Amino acid sequence: MKYDRVRDSDPEVADALEAEVERQRDTLAMIASENHVSEAVMEAQGSVFTNKYAEGYPGSRYYGGCEHIDTVEELAIERAKELWGADHVNVQPHSGTQANMGVYFAMLEPGDKILSLDLTHGGHLSHGHHANFTGELYEVEQYEVDPETGYLDYEAIQDHAEEFDPDIIVSGYSAYPRAVEWETIQEAADAVDAYHLADMAHITGLVAAGEHPSPVGVADFVTGSTHKTIRAGRGGMILCDEEYADAIDSAVIPGMQGGPLLHNIAGKAVGFGEALQPEFEEYAAQTVKNAEALGESLQEHGFELVSGGTDTHLVLVDLRESHPDVTGKEAEEALEDVGIVLNANTVPGETRSPFVTSGIRAGTPALTTRGFDEEDCRYVGDLIARVVNNVGDEDVKAEVAEDVQELCDANPLYE
């Protein structure tokens, strides 16, 4: 993959682009929020739509010349409705965080109450962390997973809601490996007359393919990223019932952002179209099988998984019992040295800094895109164990790096 026009204009940027292609080809992308989009999605995202402003919505723009982007945005909306069964979809948020922002701005006032999962237990910054705008604008209390099981404690969530009386309860998580009982959280919200926002950022593709229960039609609002397990253009979206459509659309524009990223919306439309094809269901099912195989392999090597396994696309490893002297950051850096790219992650009951951590998070969406199956992912678990068991051994790391390269060569990317 060459960038000849960029090279003619800016060789330094061309060097970085070509180097990134090679980096992705020669490493195993296991950050759970990453994936490899098709070349068709990349072509749409690099399209002429980057030149256009189109504040507003299809058929009601502030500027002229929007007939073609109207066509593409309407395609993205209709395909999203078909994929997730939503009454109304807004595809303009620039990210999952901005999708959450759109819901908060539409339904809450500053100082209103949010109940959400603690970041160290698998939540997300945009659900109420003190360093995020949510922590600045709203009163936030957070629930936790059961420290013994690693599962959500739904009874405790209900009790917390009755005590705190929130205006909105947030479900959906960034490092929770188990299926979410959306209906149970909806019951907790109904009991205290709160809204329910389900953030399915990580599992949009799994939900679309029926590999995870859907929050659509259960929660009042559903938000998601469009580039993780769904493999569409990078960005976010908001799904809701028709009764909230005007409030959501007004919160997005003019409430929180101006001109939408039209080239990204084109990438969303193309990716959603790909996800409507029968083979996408096979991809999503394989992603889950691969995560299960990866987790089983790690457990066979003595690693402890939060909640004891996974129902989704990721595993969360707690290193404290098996490798008490290895931090998540040390494991991450050693694995990156050999071409396995995942991330250090906090674990329930975390005692280390979030920049150090006691765990690692590993996902299978990108591996599955490359064609990996369960046997491959068990082997990747073996390689991870070899490295983490020998963090400082350069000879072991050199051997594993060769094995990783063989896996990459056997499963080529962007040929």
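This is a predicted model: local features need pLDDT of at least 70, side-chain atom pairs count only at pLDDT 80 or more; totals for chains, interfaces and linings use all residues.

Visitor: Good. How many bridges join β12 to strand β15?

Guide: β15 covers residues 359-363, and β12 and β15 run antiparallel. One of the facing pairs is Asp318 opposite Gly359 in β15. The number of bridges joining β12 to β15 is five.

Visitor: Which residue stands opposite Asp318 in β12, coming from β11?

Guide: β11 is residues 304-305, and β11 pairs with β12 in the antiparallel sense over two bridges. The residue standing opposite Asp318 is Glu304.

Visitor: Is β12 largely enclosed or open?

Guide: Buried means under 20% relative accessible area. On one side Leu314, Leu316 and Asp318 are buried, and on the other Val315 and Val317 are, so both faces are covered. Five of the five residues are buried, so β12 is largely enclosed.

Visitor: What span should helix α4 have?

Guide: α4 runs over residues 67-84, which makes 18 residues at 1.5 Å a residue.

Visitor: Is Ala179 buried, partly exposed or exposed?

Guide: Ala179 sits in the loop between β7 and α8. Leaving aside neighbours within four places in sequence, Ala179 is in contact with Tyr154, His212, Pro213 and Asp311. Ala179 has 28% relative accessibility, so Ala179 counts as partly exposed.

Notes:
Residues are numbered from 1 along each chain as its sequence is written. Side-chain values use heavy atoms; hydrogens and water are left out. Helices (H or I, at least four residues) and strands (E, at least two) are DSSP runs, numbered from the N terminus. The expected span of a helix is 1.5 Å times one less than its number of residues. Buried means under 20% relative accessible area, exposed over 50%, partly exposed in between (1.4 Å probe, protein chains only). Contact means heavy atoms within 4.5 Å. Two strands pair if DSSP finds at least two bridges between them.
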